[in-house]
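Let's take a walk through this protein together, from its overall build down to a handful of residues. Please have the sequence and the 3D view open as you read.

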Amino acid sequence: MELRHIRYLLAVADHGSFTRAAESLHISQPTLSHQVRQLEKALGVVLVDRSGRTVRLTDAGEAYAHHARLAMRDLAAGRRAVDDVIDLSRGHLRVAITPTFTAYLVGPLINRFHAAHPGLTLTIREATQDAIEASLLLDDIDAGIAFGAPHAPGIVASTLYTESLSLVTNADHPLASSSVTLELRTAMRHPLVLLTDDFATRRQLDAHFDAHDAPPRVTVEVSSVSALIEAVRSAPLLTVLPYAITLNHPELVRIPVTPQLPTRDVTLLRRDSDYQSSASRAFDAIVRELVAEHRGA
C-alpha cells in the first residue's frame with residue numbers, strides 16, 4: 001500500500017466516477033481502477049461499489065476514507081510544519097473571509113502582507129461564515145475572518161474590532177437630502193437592496209428588523225457586496241453597508257435612523273490546536289496592525 005493508493009481512492013469518492021477521478025489525477029481510467037483494486041486486495045475488503053450507474057464507497061470504504069482523509073490532512077500539516085521551521089522566506093497561508101471584508105480590508109491586508117513577506121504565498125477566498133468554520137475544521141484553510149457568533153466546537157475566535165452598519169443610498173434618492181433622523185419603520189417602507197439570506201449580515205438585519213417591528217421592503221437581493229454597492233449607486237434604492245465601506249464611497253449618502261442599526265464583532269477564527277505556523281502568526285500580527293490603525297484613524 002502506498003500513499004498514491006489513498007489519494008486515488010479519495011478521488012473516486014469525491015467524483016463518484018472512475019473516469020472523472022482519473023481526469024482530475026491526470027492518469028488513465030484503467031490505471032486508476034487497477035490501483036484501487038490493489039488497495040482493496042491489500043486490505044482484504046471491497047471499498048468501492050461498482051454495480052450502479054454511479055460509483056460509491058461501500059460501508060467499509062466510507063470507514064476507511066474517513067481515516068484516510070484525516071491522515072492526508074495530518075500529512076499536509078506536516079509539510080507546512082517542515083516549511084515553517086526553515087524561515088518565512090517560503091510557505092503558503094490559506095485564509096477565508098466573509099464577503100463584507102473584500103470591499104475594504106482585503107486590499108490593505110494583501111499589500112501589507114506581501115510587502116512584509118514576499119516569499120509567502122497567500123490565498124484568500126470568500127465564503128460564508130458556516131463554510132469558513134467547516135473549512136477550518138477540515139484543515140482546508142489556516143484562518144478565517146468573520147463575525148462574532150456561537151461557533152462550532154473546535155473553533156477559537158478572537159475579537160478584532162466592532163463594526164458599525166449604516167443605512168445608505170445615492171445622492172439622487174429623495175431621502176438623501178433629509179437632515180432628519182428617520183424612524184426605522186419609516187425607512188423600511190422604501191425599496192431596499194440587500195444580500196440574500198445565505199449571508200450572516202442579512203440574517204442579523206432580519207432579526208433586527210423583526211425585533212423593532214420594521215419589516216423591510218426588499219425589492220432586490222444580490223449575492224455579493226460589490227453588487228450591493230453598484231445597485232444602490234445606480235438605482236433609487238436603500239441598502240445597509242458597514243460604515244468602513246461608506247468611507248471609501250463618497251458618492252453614497254448615510255441616512256441616520258432610530259433605533260440605530262446593529263453592530264457586530266469582527267473576529268479572527270482558528271482551529272483549536274496547539275500548533276500555529278510562523279506564517280500564521282505573521283498574518284495575525286498584520287491583521288491586528290491594520291485594525292489598530294483603523295481605530296486610530
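The secondary structure of the protein comes to eleven helices and 13 strands; helices (H or I, at least four residues) and strands (E, at least two) are DSSP runs, numbered from the N terminus. The radius of gyration is 24 Å, well over the 19 Å that the globule rule gives for 297 residues, so the protein is more spread out than a compact globule. That radius is taken over C-alpha atoms, and the globule rule is 2.2 Å times the number of residues to the power 0.38.

A word on the source: this is a predicted model, in which local features need pLDDT of at least 70 and side-chain atom pairs count only at pLDDT 80 or more, while totals for chains, interfaces and linings use all residues. Residues are numbered from 1 along each chain as its sequence is written, and side-chain values use heavy atoms, with hydrogens and water left out.

## The whole protein

Along its principal axes, the C-alpha trace spans about 75 × 50 × 30 Å. Of the 297 residues, 43% count as buried; buried means under 20% relative accessible area, exposed over 50%, and partly exposed in between (1.4 Å probe, protein chains only). The accessible surface comes to about 15300 Å², and 53% of that belongs to carbon and sulfur atoms. These areas come from the Shrake-Rupley method with a 1.4 Å probe; for residues, only the protein chains shown count as cover.

Among contacts with a separation of 6 or more, 73% are made by residues 24 or more positions apart. Contact here means heavy atoms within 4.5 Å. As for charge, the mean positions of the 29 positive and 34 negative charges are 4 Å apart. Lys and Arg count as positive and Asp and Glu as negative, with His and the chain ends not counted; the place of a charge is taken as NZ of Lys, CZ of Arg, CG of Asp or CD of Glu.

Which residues of helix α6 (residues 129–137) are buried? They are Q129, I132, E133, S135 and L136. Seen down the axis of α6, these buried residues fall within an arc of 160°, so they line one face of the helix. The arc is that of the directions from the helix axis to the C-beta atoms. The partners that the buried residues of α6 pack against are β3 (92–97), β4 (121–126), β5 (143–147), β6 (155–170) and β13 (263–271).

In helix α2 (residues 18–25), F18, A21 and A22 are buried. They cover an arc of only 100° around the axis, which puts them on the same side of α2. What do the buried residues of α2 pack against? Their partners are α1 (3–15), α3 (29–43) and β1 (48–49).

## Backbone angles to look at

Most residues other than glycine have a negative phi, and most peptide bonds are trans. With that in mind, D139 has a positive phi, near 60°, and sits in the loop between α6 and β5. D213, which is not a glycine, also takes a positive phi, of about 50°; the loop that holds D213 runs between α8 (200–211) and β9 (217–222).

There is a cis peptide bond too: the one from T258 to P259, with omega near -5°. P259 lies in the loop between β12 (257–258) and β13.

| Residue | Relative accessible area | Class |
|---|---|---|
| D139 | 7% | buried |
| D213 | 52% | exposed |
| A235 | 22% | partly exposed |
| T239 | 0% | buried |
| S158 | 26% | partly exposed |

T239 lies in strand β10. Not counting residues up to four places away in sequence, T239 touches S166, L167, V168, V193, L194, L228 and V232. The C-alpha atoms of T239 and L192 are separated by 5.5 Å, although the two are 47 residues apart along the chain.

A235 lies in the loop between α9 (225–234) and β10 (239–242). From C-alpha to C-alpha, A235 and E293 are 34 Å apart in space, and in sequence they are 58 residues apart.

S158 belongs to strand β6. Leaving out residues up to four places away in sequence, S158 touches V266, T267, L268 and R288. S158 and D139 are 19 residues apart in sequence and 19 Å apart in space, C-alpha to C-alpha.
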